[in-house]
Amino acid sequence: SLNKKPTIASKSLYNKEKKKIIIGRDNQCDIILPKEKGISRFQCSFEFDEKNNNWTLSDGNKKESMNGTWLLALRSFPIYNGMIFEILGSRIKCSL
């Protein structure tokens, strides 16, 4: 629902040694979202690109998610400081 109030997630800190951060409703994810219809088990992931020295946001984990992650029609999208994205009411803010 578009009128649903976003949830406030706890703060999680990761460094580039982690290489990949998985977001979704599965218990194996690094950031676990509410188990609601419309959120995939493995919704999206952050990956550190050593070649370009930056983080990217990608749909799914190893394959595209069942529910999709809109990334301006790209398979992955560079993350920038202060970037905020929303997954079915859960807002995630990136601080680099």
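Q: What should I know about the model and its numbering before I start?
A: The model is predicted: local features need pLDDT of at least 70, side-chain atom pairs count only at pLDDT 80 or more, and totals for chains, interfaces and linings use all residues. Residues are numbered from 1 along each chain as its sequence is written, and side-chain values use heavy atoms, with hydrogens and water left out.

Q: How many helices and strands does the chain have?
A: Helices (H or I, at least four residues) and strands (E, at least two) are DSSP runs, numbered from the N terminus. This chain has zero helices and seven strands.

Q: In what order do the strands of the open sheet lie?
A: Two strands pair if DSSP finds at least two bridges between them. Here five strands form an open sheet in the order β2-β1-β3-β4-β5, and the pairing is mixed. β2 (31–32) and β5 (76–78) are the edge strands, each pairing on one side only.

Q: How do β3 and β4 pair?
A: Strand β3 (residues 44–49) and strand β4 (residues 54–59) are antiparallel, with six bridges.

Q: Is Ser-45 buried or exposed?
A: Buried means under 20% relative accessible area, exposed over 50%, and partly exposed in between (1.4 Å probe, protein chains only). Ser-45 lies in β3. Its relative accessibility is 1%, so Ser-45 counts as buried. Contact means heavy atoms within 4.5 Å. Leaving aside neighbours within four places in sequence, Ser-45 contacts residues including Ile-21, Ile-22, Thr-56 and Leu-57. Over the whole chain of 96 residues, 35% count as buried.

Q: How many salt bridges does the structure hold?
A: Side chains of opposite charge can pair when their charged atoms come close. The cut-off is a side-chain nitrogen of Lys or Arg within 4 Å of a carboxyl oxygen of Asp or Glu. The structure holds two salt bridges.

Q: Which residue forms a salt bridge with Lys-19?
A: Glu-50 does, with the closest N and O atoms 2.3 Å apart. Lys-19 sits in the segment before β1 (20–24) and Glu-50 in the loop between β3 and β4, 31 residues apart. Lys-19 is partly exposed at 39% relative accessibility. Glu-50 is exposed at 52%.

Q: Which parts of the chain does the pair of Asp-26 and Arg-41 tie together?
A: These side chains meet in a salt bridge at 3.2 Å, N to O. Asp-26 is in the loop between β1 and β2, and Arg-41 in the loop between β2 and β3, so the pair ties together parts 15 residues apart in sequence. Asp-26 counts as buried, at 14% relative accessibility. Arg-41 is partly exposed at 43%.

Q: Which residues have the most contacts inside the largest nonpolar core?
A: A nonpolar core is a set of buried Ala, Val, Leu, Ile, Met, Phe, Trp, Tyr and Cys residues joined through side-chain atoms within 4.5 Å. The largest has 17 residues, and those with the most contacts inside it are Ile-23, Phe-46, Leu-57, Ile-79, Phe-85 and Ile-87. β3 gives the most to this core, with three residues.

Q: Which residues of β6 make up its covered face?
A: In a regular strand the side chains alternate between the two faces of the sheet. In β6, Phe-85 and Ile-87 form the covered face, while Ile-84 and Glu-86 form the uncovered one.

Q: How many residues lie between β6 and β7 in their hairpin?
A: Two residues lie between them, and Leu-88 in the turn has a positive phi of about 45 degrees. β6 and β7 (residues 90–93) run antiparallel, joined by four bridges. Ile-84 has Lys-93 as its bridge partner in β7.
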